[in-house]
Every structure is written in C-alpha cells, then in structure tokens.
Amino acid sequence: MVFALLAFLTVLAHLSFILFVIFGGFLVARRRRLAPVHLACAAWGAYVSLANRICPLTPLENWFRQRGGELGYRGDFLEHYLLAIVYPTGLTASTQKALGVAVILLNTGVYAWILRTRRSRS
C-alpha cells in the first residue's frame, strides 16, 4: 500500500514537472525569480527528449511498483489517466525528439514575449 502510494506520487510529480517544463514560462512572466529554475528544468526536459534518455523519475516509479508487488499496470481511475499522459502509447524516439524541439520553441517564444513586454514597459 505504501509503495503503491509512493509510485502514484512519483507519477504525479513527473506530470507536474512536465507541465512546468512546458508552461512554466508563463509563471515566469508573473514571478521572474522562477526563471533560473524554469530554464534549468526546461533544459533538462529538452535534453531527456532529444538525447532519448529516461528521466530518473521513471525508474523510481517502477522500483516503487515492484516493491509494492505490482507486475503491470494496476490502479484507480485517476492514476490510469495520469500514466497515459506521462507515458503515451506509441511514444517513439523521433516523436520524443519532436517533443523536445517543441519544448525549446515554445519556451523561446514565451521568453521572447516576456523580454519584449518588459522592454516596452521600460
């Protein structure tokens, strides 16, 4: 039971990290002090995608699941859909690289908008 909960919390943390990587630039527009944290997270997310690496949260989740006695997917409704978002079916290396490029392009655009807005206010 404890390991199943830890696995679920790991998936939730993973999803939160992914959302922060993708949309964190919009938070930076409001809280500029988040920029170094967001840029580091976005760089890590892009690296993992472009280098076809595995995020350390994935093996951690699997470890928790194995310790909890799970062999395959089991869980409640919410966990099932979170897993589908974090680990989409049919994710290929080329799709993963395209997602990495999309993260870079989106965040470059958001930061350009932030800088442009900041300059126009000055």
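Where is Leu12 found? Leu12 sits in helix α1, where helices (H or I, at least four residues) and strands (E, at least two) are DSSP runs numbered from the N terminus.

Some ground rules before the points. This is a predicted model, with local features needing pLDDT of at least 70, side-chain atom pairs counting only at pLDDT 80 or more, and totals for chains, interfaces and linings using all residues. Residues are numbered from 1 along each chain as its sequence is written, and side-chain values use heavy atoms, leaving out hydrogens and water.

1. Staying with Leu12 for a moment: its relative accessibility is 34%, which counts as partly exposed. On this scale, buried means under 20% relative accessible area, exposed means over 50%, and partly exposed is in between (1.4 Å probe, protein chains only).

2. Leu12 also belongs to a nonpolar patch on the surface, together with Val2, Phe3, Leu5, Leu6, Leu9, Leu60 and Trp63. Together they have about 660 Å² of accessible area, by the Shrake-Rupley method with a 1.4 Å probe, where for residues only the protein chains shown count as cover. Patches take residues with over 30% relative accessible area and no salt bridge, joining like charges within 9 Å and nonpolar side chains (Val, Leu, Ile, Met, Phe, Trp, Tyr) within 5 Å. The elements giving two or more residues to this patch are α1 and α3, and α1 gives the most, with six.

3. Now the rings. Rings of Phe, Tyr and Trp (its six-membered ring) pair if their centres lie within 6.5 Å; planes under 30 degrees apart are stacked, over 60 edge-to-face, and the rest tilted. That rule gives four aromatic pairs. One of them is Phe3 with Phe64, a tilted pair at 6.3 Å centre to centre and 35° between the planes. Phe3 lies in helix α1 (residues 2-30) and Phe64 in helix α3 (residues 57-67), so the pair ties together parts that are 61 residues apart in sequence.

4. Last, the charges. A salt bridge here is a side-chain nitrogen of Lys or Arg within 4 Å of a carboxyl oxygen of Asp or Glu, and the whole structure has two. Arg65 meets Glu61 at 2.7 Å, N to O; they are four residues apart in helix α3, so about one helical turn separates them. Arg65 also meets Glu70, at 3.1 Å, N to O. Both Glu70 and Arg65 are buried. Through shared partners, the salt bridges join Glu61, Arg65 and Glu70 into one network.
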